Amino acid sequence: MIVVALAVARVVDANYITASASSAQAFKTATLLKTLSVNALITGEVGVGKRSLARYILPDAPMLDSSNYNEILKTLEGVNKIIITNLENSQNIKKIFDIATTNNIRVIATANGSYYNEIVDKIFSIKLDIPSLRERPEDVKELIQKFVNEASLLFGQKDEFKVKNFKPDLSQNSNSLRKQVMINYLLQNIQENELIEIIENYLVDKLGSNNDYKNFLHLYEIPIIKAGLQRFKSQLQLSDKLGLNRNTLRKKIADNSKYL
């Protein structure tokens, strides 16, 4: 069970946590970049904190997604520094950086970790790669605490975060983790009528085939089987508590194996 008190996590610029050695080192590099007048590229997976570090380095610079090509060109006419995010989406990197170089405009950019471009290699003096949260377990713990604090303020509650068998969803790093914490925090004290309403809203647009009862029965069976196995520890005890034949329970488990 995850139990998180409502304390303040160590954060840099809203989302960037510096509990792990790798994230602390990235922050040190970002702090150094604040004092320099060089172009820098920050790479990593979605949700690792690239935008937060870029904003920390250039707090007053306009931040634009590279897909907004025309807006970037217009912005470059009147600035001496700029943050360009998602560089891999750029329509014409060469022209953008030709203008930036000619006009001595400082650029801090972000890109996917696997992104490569010869022009980019020539433009950026410093490249900073941020590891995924899967490599930063210390940061995951503090991010969970931070997102619980956010949920407490958002929902007007002061509950602890009590979720059994909580497995952090790091598929999109802090993005997926934040969504997961918010949902679990909100639902941990859910009432029966609220749960029924949620399922009703989920199903209302999905019904329509000739076999819907069977198609959606797993929405009931999977959670009750998973919860039962957690609580009673064995299929034998669970079959007895549910009033099911053991073979029937085994079949239901086999039928829903991809969820269990």
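Predicted model: local features only at pLDDT ≥ 70, side-chain atom pairs only at ≥ 80, totals over all residues.
Residues are numbered from 1 along each chain as its sequence is written, and side-chain values use heavy atoms, with hydrogens and water left out.

**The sheet**
- β4 and β5 (residues 81-85) run parallel and are joined by 3 bridges; two strands pair if DSSP finds at least two bridges between them.
- Strands here are DSSP runs of E with at least two residues, helices are runs of H or I with at least four, and both are numbered from the N terminus.
- Zooming out, the open sheet has 5 strands in the order β4-β5-β6-β3-β7, paired in parallel.
- Its edge strands, β4 (63-65) and β7 (126-129), each pair on one side only.
- From one strand to the next, the twist averages 20°.

**The helix pair**
- α6 (residues 137-155) and α7 (residues 174-187) have axes that come within 9 Å and cross at roughly 50°; axes are lines fitted to C-alpha atoms, for helices over the stretch in contact, with angles from 0 to 180 degrees between N-to-C directions.
- That makes α6 oblique to α7 (under 35 degrees is roughly parallel, over 145 roughly antiparallel, 65 to 115 roughly perpendicular, the rest oblique).
- Residues of α6 in contact with α7 include V140, F147 and F155, while those on the α7 side include L177, V181 and Y185; contact means heavy atoms within 4.5 Å.
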